[in-house]
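Student: I am new to this structure and would like a close look at just one part of it. Please start with a single pairing and then show me what lies around it.

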Amino acid sequence: MAATTTFIWSGKTRDGKIQKGETPASNKDDVVNALKKQGIAVTNIKAKGAGDLKIPGFGGGVEDRDIVIFTRQFATMIDAGLPLVQCLEILEGQTENKVLAKAIGEIRQAVEAGSTYADALGKHPKIFNDLYVNLVAAGEVGGILDTILGRLTGYIEKNMKLKKQIKAAMVYPSVVMTVAIGVITVLMIFVIPMFAKMFSDMGGKLPVPTQIVMNISYFMTSRKMIYLCIGIGAVIFGIKRFYATKKGMVLMDGWFLKMPIVGNLLRKIAVSKFTRTLGTLMGAGVPIMDGLDIVAKTAGNKVVENAIIATKNSISEGKNLSEPLAKSGVFPPMVTQMISVGESTGALDAMLAKIADFYDDEVDNAVDALTAALEPALMVFLGISVGFIIIAMYLPIFGLADIVG
């Protein structure tokens with residue numbers, strides 16, 4: 001006889017109420033089936049004393065592109081009238097990403113056991129975020145799952161484009177900085193010491209620029225450099241620990257938004273993401289309070305998140321959306337004015353989409369401006385640094401030539 005284990009579970013009844021309990025059984029499938037007969041769809045289950053029975057390690061192996069392909073194919077199959085479980089079975093077999101394929105298999109099993117598709121997706125938060133799950137839930141309730149999946153695909157693709165653009169803009173500056181640091185390090189550690197020996201044999205007083213370069217070289221080849229690296233590592237570690245705290249996150253995220261050039265870009269990205277996400281949720285029929293909850297969680301900046309939460313609290317007190325957003329100081333006046341117009345005309349989701357499109361273009365222009373400003377600045381930095389080192393090393397040689405002459 002199979003050993004009996006006590007399983008802790010939570011689930012939803014047919015009228016949407018959450019129920020929790022403990023049930024002894026030989027395996028989790030028996031618990032799921034028994035609860036299904038009672039009209040309870042299990043959303044989470046674990047053996048008592050063990051961790052949640054969710055797929056471990058997901059997230060790192062699934063990219064946005066994989067989710068886009070999966071969502072688009074799924075939407076096409078649903079639109080063609082195929083049953084939900086059959087769609088998942090087909091996609092499980094043809095998905096190239098093994099991590100995602102395994103997740104789809106788990107989702108299919110949960111749906112077969114009586115869970116809704118949205119609840120099954122919710123068991124894999126590292127792959128399908130709150131936005132994805134809530135939009136799918138709205139699509140299931142409204143009977144427009146194929147339409148919602150199409151909107152999701154467009155939303156993810158726009159986010160992919162934005163990420164790709166920012167990464168591409170940072171490639172050139174990163175390469176130039178790496179080359180500059182590498183060249184200066186090689187000169188200081190391997191080349192300058194040879195000049196130092198020659199100058200010491202010559203005797204006499206060295207020019208100030210030469211002495212500066214020599215001192216830097218001595219420092220970089222001594223144990224002090226090791227202590228400096230350890231100190232820098234400790235500072236970085238301390239900053240990360242501070243940023244992990246609530247207070248540190250608010251302070252540093254606020255500082256990021258106030259930075260010259262970069263802060264303007266981050267603010268535009270935050271506005272674009274906020275309007276795009278909230279507009280997509282509202283267009284799918286998600287209530288504005290639930291939508292603001294989801295948008296706050298996916299904001300990516302604690303200052304913006306706090307502003308959205310404060311806006312939600314104000315709306316619960318009877319205020320409109322635009323007024324608390326304007327008071328937050330995070331969102332530009334043009335954005336709050338357009339939102340106010342959208343509220344008064346009853347077309348808020350459409351207005352949010354227009355704002356998102358506008359700020360997508362603004363982000364493009366800001367990234368181009370940042371790249372245009374960084375490229376010459378980095379080249380000047382590289383030229384001045386290397387040029388100063390070379391001139392400093394040749395100054396004593398020029399002085400020696402004058403003496404010989």
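Predicted model: local features only at pLDDT ≥ 70, side-chain atom pairs only at ≥ 80, totals over all residues.

**Helices H2 and H3**

Tutor: Let's begin with helix H2 (residues 64-79) and helix H3 (residues 84-94), whose axes come within 10 Å and cross at roughly 145°. H2 passes H3 in a right-handed crossing (the near helix is turned clockwise from the far one by less than a right angle). From H2, the residues making the contact are Phe 70, Gln 73, Phe 74, Met 77 and Ile 78. H3 answers with Leu 84, Cys 87, Leu 88, Ile 90, Leu 91 and Gln 94. Sorted by class, this contact has 9 nonpolar residues, 2 polar ones and no charged ones.

Residues are numbered from 1 along each chain as its sequence is written, and side-chain values use heavy atoms, leaving out hydrogens and water. Helices are DSSP runs (H or I, at least four residues), their axes are lines fitted to C-alpha atoms over the stretch in contact, with angles from 0 to 180 degrees between N-to-C directions, and contact means heavy atoms within 4.5 Å. Ala, Val, Leu, Ile, Met, Phe, Trp, Tyr, Cys and Pro count as nonpolar, Asp, Glu, Lys and Arg as charged, and the others, Gly among them, as polar.

Now pick out Cys 87, one of the H3 residues in that contact. Cys 87 counts as buried because its relative accessibility is 0% (buried is under 20%, exposed over 50%, partly exposed in between, with a 1.4 Å probe and protein chains only). Cys 229, by contrast, is partly exposed at 45% relative accessibility. The structure holds 0 disulfides (pairs of cysteine sulfur atoms within 2.5 Å).

From here, look at the surroundings. Tyr 117 ties the picture back to our pair: beyond its neighbours within four places in sequence, Tyr 117 is in contact with residues including Phe 70, Phe 74, Leu 84 and Leu 88. Among its other partners are Ile 107, Val 111, Val 136, Glu 140 and Leu 145.

Ser 115 sits in the loop between helix H4 (98-112) and helix H5 (117-122). Ser 115 is buried because its relative accessibility is 7%. Not counting residues up to four places away in sequence, Ser 115 touches Ala 41, Val 42, Ala 110 and Ala 120.

H11 passes H12 in a right-handed crossing. Phe 274, Thr 277, Leu 278, Leu 281 and Met 282 of H11 meet Ile 288, Gly 291, Leu 292, Ile 294 and Val 295 of H12. The classes in this contact are 8 nonpolar, 2 polar and no charged residues.

Note on methods. Helix = DSSP H or I, 4+ residues; strand = E, 2+ residues; numbered from the N terminus.
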